Amino acid sequence: MGLVAAAVLTLASLTYIFWPAENPFSQRAKSRLDYLRERKDAVYENLRDLNFEYKAGKYPEEDYVTQRSLLENEAAEIMGEMERLERA
Amino acid sequence: MPHPMPTFGSFSLLLALVLAVYSLAMGGASLWQMATGRAGRIAPERLSETARRAGIMTFAAVSCAAFALVWAAFTNDYSVAYILHHTNRDLHPAYKFSALWSGQEGSLLLWSWLLAAYGFVLRLRHKVDVRLTAHASTILSGVQVFFLLLLVFAAPPFSIQPGEIPPDGFGLNPLLQYPEMVIHPPMLYLGYVGFTVPFAFALGALIMRYPGEKWIHITRRWTMVTWLFLTVGIFLGAHWAYSVLGWGGYWGWDPVENASLMPWLTGTAFLHSVMMQEKRGMMKSWNVWLIFSTFMLTVLGTLLTRSGLVSSVHAFAQSSIGNWFYGFLVLVFCVCLFVFVRQRDHLKTENKLESIVSRESSFLFNNLILLVACFTVLWGTLFPVLSEYVQGSKATVGAPFYNRVALPIGLFLLFLTGVGPLLAWRSTTLRTIRRNFVLPSIATVATAIGLMFAHIRPWEDQSELYSLMAFSLGAGVITAILSEFLRGANVVRTQTGKNLFAASLQLIQRNTRRYGGYIVHFGVVVIIVGIAGGAFNQSTEQEVGFGDKINIGGYELRCQSYTQDSNANYDTEYALLDVYRHGNYVTQLAPEHRFYSASQTNSTIVANRSTLQHDLYVIYEGKNPETGKPIIKAFLNPLIAWIWIGVLIIILGTFVALAPAIKPALAASRVMHTEAVAVGSGD
Amino acid sequence: MQISSFMHRLFARTLRHRMVQLGAVLFGAVLLMAAADDSGTRFNKIGHAMMCACGCGQILLECNHVGCPDSDRMIGELRTQVASGGDDTSIFNWFAAKYGPTILAAPIRGGFDTVAWITPVAVFLLATIGTAFLVRTWVRRRRNTVTTPEGIPVQLPENDAMRERIRRETEY
């Protein structure tokens with residue numbers, strides 16, 4: 001009984017593992033563009049947070065303007081590079 | 001074949017080991033081929049796919065082994081030594097099931113099974129990021145190999161009892177015969193084992209030099225779920241100790257309790273500091289080491305429990321298994337260090353802060369405090385060993401040590417919980433701080449003054465001082481959280497015109513992680529309030545005959561009767577006590593004392609009447625042999641219920657944080673609207 | 001407003017002040033502990049500073065094992081010791097001599113035992129100083145004005161289409 005069950009389990013495992021994969025995965029290596037897209041999302045999230053915190057009264061006007069400009073510059077840089085890459 | 005099920009179980013474990021080794025070896029080889037561009041006869045992608053499938057089948061094989069053990073428990077197969085030693089015929093089915101984790105071998109099997117289950121889910125979801133998952137899967141297989149080696153060679157759960165097989169088992173430790181014991185260990189193990197997943201992802205990401213911070217996003221849910229399991233596991237344990245051990249408390253700073261607290265502390269630190277990396281790309285090396293340490297602390301915790309290094313009531317029998325864990329711990333550390341040193345340039349970042357006073361710096365201090373707390377607990381746990389080494393005699397490091405050293409740290413952490421959320425990311429100016437801090441500060445001071453009027457005397461007693469600080473800081477933190485909610489809700493309200501309630505809901509939906517986090521903080525404060533109530537515990541001990549009374553804090557307990565009874569599993573003695581408060585009948589309590597015949601052990605069954613205000617907690621201490629009357633000990637423990645309520649709030653908050661956030665819909669819709677208008681006007 | 005000024009000070013650079021305050025509170029607390037002197041309180045205090053010898057791992061006065069072989073006798077001995085009027089140290093010494101040093105619930109024998117108490121505090125102080133130093137270094141790297149690295153102010157093109165787009169897409 002026990003041996004039969006063991007044999008079944010072994011056979012099932014081997015079949016499953018070595019069953020030819022219909023579509024063996026191949027992943028495109030992450031491109032610079034993917035990376036920039038992630039970066040852009042992060043900076044956007046930060047900007048959205050900044051806007052929210054400003055509206056919630058955690059930032060004085062002048063601080064907000066500076067921080068926003070810094071982040072916007074960062075975003076603009078990333079998006080500029082993205083556009084160049086997309087055009088190429 | 002005399003023992004079909006044990007044979008099948010043993011074989012399954014052996015097969016699982018072979019599969020895990022295959023998954024580790026082929027996974028490693030294929031990843032190495034992919035990284036170096038050297039391909040063998042088989043394409044590395046195909047090889048990697050078989051490794052993934054072998055990992056999935058490991059889960060099937062370990063599941064079969066676990067099933068075989070549970071089967072043996074339910075069929076009273078006492079030819080299996082483990083079943084003989086941990087169950088008996090009359091044991092309730094739920095506890096027969098829990099026999100799976102009530103001993104050394106079984107609990108290792110549970111550990112291995114949970115690890116395989118986590119790996120199963122991870123490998124099924126490999127499409128999220130195939131390459132990264134392949135790395136994580138290989139690392140998980142490595143850990144799995146270790147636990148399966150233990151199960152096959154050092155602690156086999158299916159060893160056959162030599163000689164004649166006794167007709168009945170030796171029974172389950174009665175302390176473990178309690179509903180929570182059916183869920184506490186799996187919960188705690190889910191937490192312990194779960195940290196292997198973020199560890200594997202972090203190590204994998206480092207090995208493959210994963211570009212960007214997306215891997216954190218991928219592991220975020222894993223980490224939070226694991227953290228929740230660990231939290232719930234810890235508090236279930238505390239609740240079990242409170243309801244079963246019958247000493248009136250819930251946390252004894254026992255080495256094993258400490259072992260579960262340490263990874264919780266570093267894991268909590270990781271959950272916070274990883275946000276700095278996601279948002280700002282900062283503290284990469286730090287985060288990597290935090291998660292490495294968390295994983296190593298879970299291994300260390302297991303080592304402490306099983307090696308007999310420190311003495312503990314929880315500890316399993318001393319065995320050679322400790323050496324395996326030492327070896328594994330050293331191996332893990334070496335691997336981590338090697339990978340870190342090799343790839344450290346990948347983690348280089350320009351850390352910078354816009355301001356001293358910012359959310360970022362509050363996270364730094366939060367990490368500092370959590371790690372100091374973790375160090376303190378580790379230090380206290382290992383000091384006895386150190387003391388024996390240095391001065392030749394062991395020392396006990398018990399509750400008095402931790403109460404004096406850890407409580408101030410806890411209070412400081414509570415303070416930071418209140419301050420952190422009030423600070424903005426990047427920079428906060430003194431003017432805004434002043435504005436945002438007014439209300440919480442007033443709440444703190446007002447609570448402190450109010451409590452002093454309510455006869456709390458911090459200058460007379462240290463514990464009262466601490467609890468006063470905890471209550472008033474708690475009030476401050478809750479005010480801070482509420483004001484954060486209100487401020488945010490007001491922004492949404494002015495934007496959408498919704499009422500405050502709807503606006504709050506939308507606020508939470510837009511940033512589930514932040515507001516879920518605040519709800520968790522609120523739960524933590526509620527727990528701390530419950531803990532701080534401990535400074536005002538009362539207790540009394542008395543022998544009672546028929547009609548005798550015990551008075552405690554406005555309650556009167558009248559002994560109505562005391563008697564004894566017996567069933568197949570245990571003999572019992574109990575007293576029936578009528579409870580009156582200010583002369584009015586409230587309820588009847590029946591504290592009990594049991595003697596389990598199978599395991600020849602005693603156990604106390606606590607009678608507890610729990611209200612939001614306090615618990616009336618009564619235990620049957622025993623019988624006075626001279627008079628034959630029962631000795632009753634009664635405790636009045638204020639605010640305990642809030643600890644359990646706080647845990648529920650934490651669960652709720654974590655669920656909120658786990659929910660996907662919706663992007664500020666209004667902004668998007670407004671953009672669409674203006675575009676539509678522009679298009680329309682262009683016509 | 002005491003707390004609010006307390007908070008300001010925390011985040012001002014002088015972390016030292018806060019440590020002094022915290023230290024004073026803790027020291028005061030310890031003194032208060034030592035000041036309790038009536039015998040009931042003392043019995044309670046000492047009884048909570050020792051373990052039960054039965055191996056249950058519990059504090060002496062909280063050990064509730066039914067038929068515990070040790071706790072009743074030990075509590076009796078403690079009562080006698082407190083009544084005989086010795087000071088706390090001599091009582092602890094008496095118990096440590098009889099049951100071994102592990103009977104004390106915390107390392108209070110002096111000598112190497114002091115290290116147990118000092119280390120966490122020292123680690124805390126060092127880590128705080130380290131973190132404060134780190135924060136200072138990181139803040140020095142900031143670039144809070146919109147200038148080029150050479151310090152020349154950058155003129156932000158206000159009507160830049162991309163900036164407009166960014167603003168639109170990141171509105172809260």
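Domain bounds, as used here, come from an automatic or database domain assignment. This is a predicted model, in which local features need pLDDT of at least 70 and side-chain atom pairs count only at pLDDT 80 or more, while totals for chains, interfaces and linings use all residues. Residues are numbered from 1 along each chain as its sequence is written, and chains are lettered from A and ligands numbered from 1 in the order in which they are written.

Begin by colouring chain B by domain: domain 1 (1-172), domain 2 (178-345 + 361-394), domain 3 (399-535 + 646-674) and domain 4 (536-641).

Next, select domain 1 and domain 2 of chain B, whose centres, taken over C-alpha atoms, are separated by 23 Å. Here 25 residues of domain 1 of chain B are in contact with 28 residues of domain 2 of chain B; contact requires C-beta atoms, placed from the backbone, within 7 Å.

On the domain 1 side of this boundary, highlight α4 (93-98), α5 (104-124) and α6 (130-154) of chain B, the elements that give two or more residues to it. Helices are DSSP runs (H or I, at least four residues), numbered from the N terminus. The largest share of that side, ten residues, belongs to α6(B).

Finally, select chain A together with chain B: 33 residues of chain A are in contact with 39 residues of chain B. On the chain A side, show α1 (2-18), α2 (32-55) and α3 (61-87) of chain A, each of which supplies at least two residues. Of these, α1(A) gives the most, with ten residues.

Conventions
Contact = placed C-beta atoms within 7 Å.
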